[in-house]
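Biologist: Hi! Could you walk me through this structure in plain words?

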Amino acid sequence: MTNVNKLEPLRTVLFESEMFEVVSIEWSKTIISEMHSHGWSQCHVLVQSGVFENYLDLGLKTETAIFETGQVISTPVGSQHELRCVSDFGKTLHIYMPRRNQSVGRKNFRPQMPSPLLENLNLGEASTFEQTQKILQLVKNESITTDSVFFMNQLFSGILPQAILAQDIISKTRTTLATLEASPVFSAIEQHVVQSLGQLIGWADCEGVNVPGGSAANFMALHCARQQKCPDFKRTGFDHRKFKIYVSSEAHYSMKKACMVLGFGTDSLVQIAAHENGKINSASLEIQIIEDLKNNFEPLFVCATSGTTVHGAFDSISELSVICNKYDIWLHIDAAWGGPAMFSEQLKEKMKGVHFAKSLTFDAHKLFGANLTCSFFVTSQKNILIEANDVSGADYLFHDKDMDRGKMSWQCGRGADAVVFWTIWKNVGTQGLSDFVSRLLKVRDESVAWIKKQDRLDLIVEPEYLNICVRIKPHSPETLNWSMIAREKLIDDQFAMVNYSKDKNGPFLRLILAHPNLEFKHVKEILSEALSVIGPA
Ligand SMILES: Cc1ncc(COP(=O)(O)O)c(C=O)c1O
């Protein structure tokens with residue numbers, strides 16, 4: 001790259017206000033802007049003269065394009081770009097909304113309290129549209145910067161321009177997925193994403209629906225399993241029969257909630273101890289099923305996890321499917337976090353046998369960067385969604401009978417969440433999603449190799465996926481909490497946000513690798529900082 005950073009002297013600020021900035025730049029062939037983002041600012045560049053090459057990094061993919069006089073280069077929120085003049089000279093006009101310094105490089109992992117925003121939260125008095133915009137700017141600034149590569153706290157990180165684009169269309173069209181007549185295109189898109197997920201799973205035919213989160217998808221799975229086993233319960237409610245629902249001790253807590261909400265009771269949930277590596281012990285599961293059958297319980301449902309929340313472990317679907325087949329149990333796969341493995345050449349094997357399952361949870365708002373929430377419940381059991389969810393008495397609404405997707409859902413009004421994942425998938429392609437997983441796996445491998453060389457870090461388990469669990473080695477019982485102390489300090493210092501969990505040996509840090517721009521150097525920086533805030537051994 002030649003003459004990087006030489007752009008500054010050639011920039012003339014034509015207009016500047018809190019929410020707006022207009023800049024003119026004079027270029028020559030030797031100048032390249034370094035790769036940069038505009039944070040949350042939307043930037044439009046009008047080419048006034050000359051020819052420019054724009055290298056656009058859209059998170060999951062990059063694109064290069066040539067722009068000539070009169071054309072506008074848009075760098076959407078969530079992207080970064082590098083611009084260079086390929087003619088001898090050129091001139092561009094840059095419009096930023098809001099001003100870049102409002103958001104570029106911001107890290108806010110612990111908002112200041114009391115927040116200047118608090119006094120603006122009261123409702124009642126009207127404000128002007130401009131005031132409202134400014135308050136929303138404060139809301140953004142006081143929110144956790146989950147778009148930072150240093151945000152590794154939850155099972156998502158980063159903002160994708162494709163997702164913002166789709167969300168914009170969804171907001172503007174403002175319609176419901178309840179009926180086909182209100183959402184002919186969105187209904188087709190949802191159906192298309194469901195079928196495409198089904199194809200990946202290996203189901204010739206399937207059905208599915210967007211639900212508000214992976215937890216809700218797990219609820220839906222148990223709801224459908226109940227419908228298949230006991231179709232009358234829909235009308236009569238539970239009878240004397242007692243059911244058992246099985247998950248591993250590492251499964252997400254949503255299955256317990258599902259038991260509670262759907263009337264099974266949390267006592268019906270059996271948590272089978274997982275192996276040290278976080279995978280369910282299939283042999284223990286079968287022993288437990290036999291025991292429960294002897295005690296007159298009915299084993300109804302097994303939930304395998306593909307990508308556990310803490311360790312990122314994948315239960316053996318093949319082993320579980322044999323057991324479920326033998327005892328006529330509904331096998332559900334909670335692939336809320338690990339579902340992207342199905343897209344990945346490197347990880348496909350981890351979900352071997354997934355087509356034997358009857359249903360699957362997939363969260364596009366986790367690794368694949370859709371807005372929260374964008375979750376799918378998919379099932380190979382044709383018609384089960386309508387059988388489980390349709391009720392009489394809504395003919396005033398449903399005129400297209402089985403074509404209305406509201407009949408498959410327990411919701412009435414429902415947003416077009418599927419459009420966000422569809423847009424991402426459409427833009428980067430299946431290969432692009434697979435490449436994204438591979439890129440992060442490379443970051444993981446480099447990170448793990450480095451961690452293993454550090455005297456003061458203990459890798460908790462060899463990661464199967466994109467969760468790195470690592471403990472700052474304690475020297476004594478008093479230093480057992482080091483990982484938690486380091487985490488708090490990282491957050492207080494606005495350096496990084498990582499999470500923690502505990503095992504029998506105490507707390508450890510959990511780093512989630514999900515940001516599209518994440519590199520090994522970021523992981524190294526975070527862990528080095530964690531060690532330094534604890535101080536010398
Ligand atoms: C394995 C697993 N399943 C389900 C969920 C719930 O997903 P959601 O947050 O979309 O409800 C999570 C959330 O972290 C998860 O890790």
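**Charged pairs, ligand and loops**

Modeller: R241 and E298 meet through their side chains in a salt bridge, at 2.7 Å from N to O. R241 lies in the loop between α5 (233-236) and β12 (243-248), while E298 is in strand β14 (residues 298-305), so the pair ties together parts that are 57 residues apart in sequence. Keep in mind that this is a predicted model.

Biologist: Is R241 buried, exposed or partly exposed?
Modeller: R241 counts as partly exposed because its relative accessibility is 25%. E298, at 23%, counts as partly exposed too.

Biologist: Why would two side chains pair up like that?
Modeller: Side chains of opposite charge can pair when their charged atoms come close.

Biologist: How many salt bridges does the structure hold?
Modeller: There are 26 salt bridges. One of them joins K29 to D88, with the closest N and O atoms 3.9 Å apart. K29 sits in the loop between β2 (20-28) and β3 (36-37), and D88 in the loop between β8 (80-85) and β9, so this pair ties together parts 59 residues apart in sequence. K29 is partly exposed, with 46% relative accessibility.

Biologist: What about a pair inside one helix?
Modeller: Look at K134 and E130, whose side chains form a salt bridge at 3.4 Å from N to O. They are four residues apart in helix α1, so about one helical turn separates them. K134 counts as partly exposed at 32% relative accessibility, and E130 does at 47%.

Biologist: OK, changing topic: how many residues surround the ligand?
Modeller: The ligand has 14 residues around it, and the closest are G214, T309, D334, D363 and K366. By class, this shell has two nonpolar, nine polar and three charged residues.

Biologist: Which helix gives the most to that shell?
Modeller: That would be helix α4 (residues 214-229), which gives three residues.

Biologist: Which atoms come up to the ligand there?
Modeller: A backbone N or O atom of G214 lies 2.7 Å from a ligand oxygen atom. S215 has a polar backbone atom 2.9 Å from an oxygen atom of the ligand. D363 uses its side chain instead, with an N or O atom 2.8 Å from a ligand oxygen atom.

Biologist: How much of the ligand does the protein bury?
Modeller: Taken alone, the ligand exposes 390 Å², and the protein buries 83% of that.

Biologist: Now the backbone. Where are the cis peptide bonds you marked?
Modeller: One joins M97 and P98, with omega about -10 degrees. P98 is in the loop between β9 and α1. Another joins L372 and T373, where omega is about -5 degrees, and T373 lies in the loop between β16 (359-363) and β17 (375-379).

Biologist: And which residues have a positive phi although they are not glycine?
Modeller: D328 is one of them, with phi about 55 degrees, in the loop between α8 (317-327) and β15 (330-335). Q494 also has a positive phi of about 55 degrees, and Q494 is in the loop between α11 (482-492) and β20 (497-503).

Biologist: Is Q494 buried or exposed?
Modeller: Q494 is buried, because its relative accessible area is 19% and the cut-off for buried is under 20%.

Biologist: Last one: which residues make the nonpolar surface patch?
Modeller: M113, L118 and L121 make that patch, which covers about 320 Å². L121 is in the loop between β9 (89-97) and α1 (129-142), and L121 is partly exposed, with a relative accessible area of 48%.

Notes
Residues are numbered from 1 along each chain as its sequence is written. This is a predicted model: local features need pLDDT of at least 70, side-chain atom pairs count only at pLDDT 80 or more; totals for chains, interfaces and linings use all residues. Side-chain values use heavy atoms; hydrogens and water are left out. Patches are made of residues with over 30% relative accessible area and no salt bridge: like charges are joined within 9 Å, nonpolar side chains (Val, Leu, Ile, Met, Phe, Trp, Tyr) within 5 Å. Accessible areas come from the Shrake-Rupley method with a 1.4 Å probe; for residues, only the protein chains shown count as cover. A salt bridge is a side-chain nitrogen of Lys or Arg within 4 Å of a carboxyl oxygen of Asp or Glu. Helices (H or I, at least four residues) and strands (E, at least two) are DSSP runs, numbered from the N terminus. Buried means under 20% relative accessible area, exposed over 50%, partly exposed in between (1.4 Å probe, protein chains only). A residue is near a molecule or strand if one of its heavy atoms lies within 4 Å of it. A polar contact is a pair of N or O atoms within 3.5 Å; within protein, one must be able to donate a hydrogen and the other to accept it, and residues adjacent in sequence count only if both atoms are side-chain atoms. Ala, Val, Leu, Ile, Met, Phe, Trp, Tyr, Cys and Pro count as nonpolar, Asp, Glu, Lys and Arg as charged, and the others, Gly among them, as polar.
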